[in-house]
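Here is a short tour of how one protein chain packs together. Have a look at the picture, then follow the notes below.

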Amino acid sequence: MNKPADGITTATAKPKLRSRTGGAAVPLDETDKRLMNLLQSSYPLDPRPFDLVASEAELDPGEVKERTQRLLDERIIREITPIFDTRALGYSSMLVAAKVDTENPHRAAQIINSHPGVSHNYLRTHEFNLWFTIATPPDSELGLQGTLDALQRLTGAESIRQLPTLQLFKINMNLEMEGGTEELSASVEAAPPRELERQPYDDLDIAVIQALQGPMQVTDRPYDAAAAEVGMDTHAFLDHLREMVDRKILRRVAAILFHRRAGFSANGMGVWRVPEEKIMDVGARMAAVRGISHCYQRPTYADWPYSVFTMAHGRSKEECDAVLDGIADEHDLHDDDRAVLYSSTEFKKVRLHYFTDDYARWEAENS
């Protein structure tokens, strides 16, 4: 360990980037890469979405479905799924940093993973070594604070830092499959910050979410089954989904990739000490970098002075470093004004499922 002038302790060990079992990168041809870019960003709300993807990719629809199924079977694409907005649905959520036993972090990780609202859980290179995202439903009896209290008790965590989103600048987990480091470092048009408040929804919205959430099948008409489950014809079902996009409940439908299998072996969480009066401007500009998938403002603490968080994904640590170094140079944030935390182990990464009984069951067993 070393202690900079401000007394903040950071880890000095170089990150050991490990692949999980079956996690090695798989060779992909240029057509696979083009298709994966489209499936991540342009999966349409249409009765026959693969036909439109095929037209955009200049491929035969049959080949598009064949390739997509192969990419799923080979665990390069994790799933094609709707991405709903957790906060808009009234779920309380946040990023949490915990100090757990460095000799056996797997025990704490297993306990944390048991909560159905934990979607991501990583071991990172810092004395706050376990980083996870957690959400609790609007009808939770424990609530988010009570759930974190229970997890700290169950894991024996020495300390927990709550890092809720104060301002969301970007969330767009599209990996750039075709371009290289230069494309990842380039700026793109940044969407304006999203609202975080709960949005109105009704029983039909809940039924639509329950019917559609989870992996979608590679078929000519993948929306038909969910539409039938809620007693709607497919066109009416898709109209409802478009309304949910307008109401900020549904972000989009997209392919989610296995990063390492797709060739992105490294992810670095770049954190930045940005003066309060500059956060809105700097955060928006950081969010515009293509290689940044997530950008947030979060609270600071005496032992955690970083107010803006950015997630960079690259084919190597060097590629992540290039993206983050470019940001550091652009905003003159160096030395104690920045830190990079690399993940050494991915303990959990799943899509949240909403309006299920799993949350109440967990609370009954662990409160």
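Leucine 89 is in contact (heavy atoms within 4.5 Å) with Phe84, Pro138, Arg198, Tyr201, Ile209, Ile249, Tyr354 and Phe355, leaving aside its neighbours within four places in sequence. This is a predicted model, where local features need pLDDT of at least 70, side-chain atom pairs count only at pLDDT 80 or more, and totals for chains, interfaces and linings use all residues. Residues are numbered from 1 along each chain as its sequence is written, and side-chain values use heavy atoms, with hydrogens and water left out.

**Nonpolar cores**

- A nonpolar core is a set of buried Ala, Val, Leu, Ile, Met, Phe, Trp, Tyr and Cys residues joined through side-chain atoms within 4.5 Å, where buried means under 20% relative accessible area (1.4 Å probe, protein chains only).
- The largest one has 47 residues, and Leu89, Tyr223, Phe237 and Leu241 touch the most other members.
- Among the elements that each supply at least two residues of this core are helix 1 (30-41), helix 9 (234-246) and strand 7 (250-257); helices (H or I, at least four residues) and strands (E, at least two) are DSSP runs, numbered from the N terminus.
- Another core, of 21 residues, lies apart from it and includes Val96, Phe132, Leu144 and Ile160.

- Nine strands form an open sheet in the order 5-2-4-3-11-8-10-9-6, with antiparallel pairing; two strands pair if DSSP finds at least two bridges between them.
- At the edges, strand 5 (159-163) and strand 6 (167-171) each pair on one side only.
- Strand 9 (residues 292-297) and strand 10 (residues 308-314) run antiparallel and are joined by five bridges.
- Tyrosine 296 stands opposite phenylalanine 309 in strand 10.

Terms used
Buried < 20%, exposed > 50% of the residue type's maximum accessible area, 1.4 Å probe, protein only.
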